[in-house]
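Here are my notes on this one, point by point. Have the model open as you read.

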Amino acid sequence: MGLQGDHYGMALTVDDVDIENEAFFRYCADNDFRLQCATDSGLLRYPPTTRCPFSGSPDYEWVSVEGRGAVHSYNEVHHAIQPAFKGHTPYMLLLVELDTQRGQPSEHDGLRVAGNLVTPDGELAPPDLVRQVGIGSRMRMVFRSVGDGFALPMWTLDETSDQPANPWRYPQE
């Protein structure tokens, strides 16, 4: 059966043969951020895969992970390619490095999860919020339901964390 959803007018599908991704998005639909943890190395991984990228082992268990971290990188979109997003520009796609497992298995590896910048209720962030976010901004995960048993992880400012005074942003024209 798989998963089917709609995100701002774009059809989303996860085929039932994609077992790892189907499980991931179903956990998100329950507001439960879970990642695969390799049973041999104990390392978490994202995105979901059939084997641990560090040990090569196919054995894992799903574990709940706190969805908090800092912006590692971002893309601010001013000219939307997808028609459904044109009315929401500018919008941001964030790559957030989770606090969990930071610096493991090396200083260059980390759990980094992509998602749109949204308001706390899961709507794409308005321009004034987009202008506040940059590299180093503290984020927390929220989920946006896109179908029955299907939700996407998104990011909003973490109101419980101290925010950097001037998060780094690409120079604006």
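**Notes on the predicted model**

1. Let me start with Q4, which is exposed, its relative accessible area being 60%. This residue lies in strand β1. Keep in mind that we are looking at a predicted model throughout. Exposed here means over 50% relative accessible area, so Q4 qualifies with its 60%. Even so, Q4 has contacts beyond its sequence neighbours within four places: L12, T13, V146, G147, D148 and F150. Take F150 from that list: 146 residues separate Q4 and F150 in sequence, but C-alpha to C-alpha they are 7.3 Å apart.

2. Now the five-stranded sheet. It is open, with antiparallel pairing, and its strand order is β8-β7-β6-β9-β10. What is left on one side of β8 and of β10? Each stands at an edge with a single partner strand, so that side has no neighbour in the sheet. From one strand to the next, the twist averages 35°.

3. Some pairing details in that sheet. Strands β9 and β10 run antiparallel and are joined by 8 bridges, with S145 opposite A151 in β10. Their hairpin has 2 residues between the strands, and G149 in that hairpin takes a positive phi near 70°. On burial, β10 is mostly covered, with 8 of its 8 residues buried. Elsewhere in the sheet, β6 and β7 are also an antiparallel pair, again over 8 bridges; there V71 has V96 in β7 as its bridge partner.

4. E97 is worth a look. Outside the four places on either side in sequence, E97 is in contact with R68, G69, A70, H72, R102, G103, D109, G110, L111 and R112. I'd click through that set in the viewer.

5. The other sheet has 3 strands, is also open, and reads β4-β3-β5 with antiparallel pairing. Its edge strands are β4 (44–45) and β5 (60–64), each pairing on one side only. Strand β3 (residues 34–38) pairs with β5 over 5 bridges, while 2 bridges join β3 to β4. Q36 has a partner on either hand: W62 in β5 and R45 in β4. The hairpin of β3 and β4 has 5 residues between the strands, with G42 at a positive phi near 75°. Strand β3 is mostly covered, 4 of its 5 residues being buried.

6. Which strands of the three-stranded sheet does helix α1 touch? Helix α1 (residues 19–29) packs on that sheet against β3 and β5, and its direction makes about 15° with that of β5. The helix also lies across β9 (138–147) and β10, this time running at about 60° to β10. So that you can find the face in question, the buried residues of α1 are E20, E22, F24, F25 and C28. These buried residues pack against β1 (3–7), β2 (10–14), β3, β5, β9 and β10. After the helix comes N31, with a positive phi near 55°.

Note on methods: Residues numbered from 1 in each chain as written. Predicted model: local features only at pLDDT ≥ 70, side-chain atom pairs only at ≥ 80, totals over all residues. Heavy atoms only, no water. Pairing = 2+ DSSP bridges. Contact = heavy atoms within 4.5 Å. Axes fitted to C-alpha atoms, helices over the stretch in contact; angles between N-to-C directions. Buried < 20%, exposed > 50% of the residue type's maximum accessible area, 1.4 Å probe, protein only.
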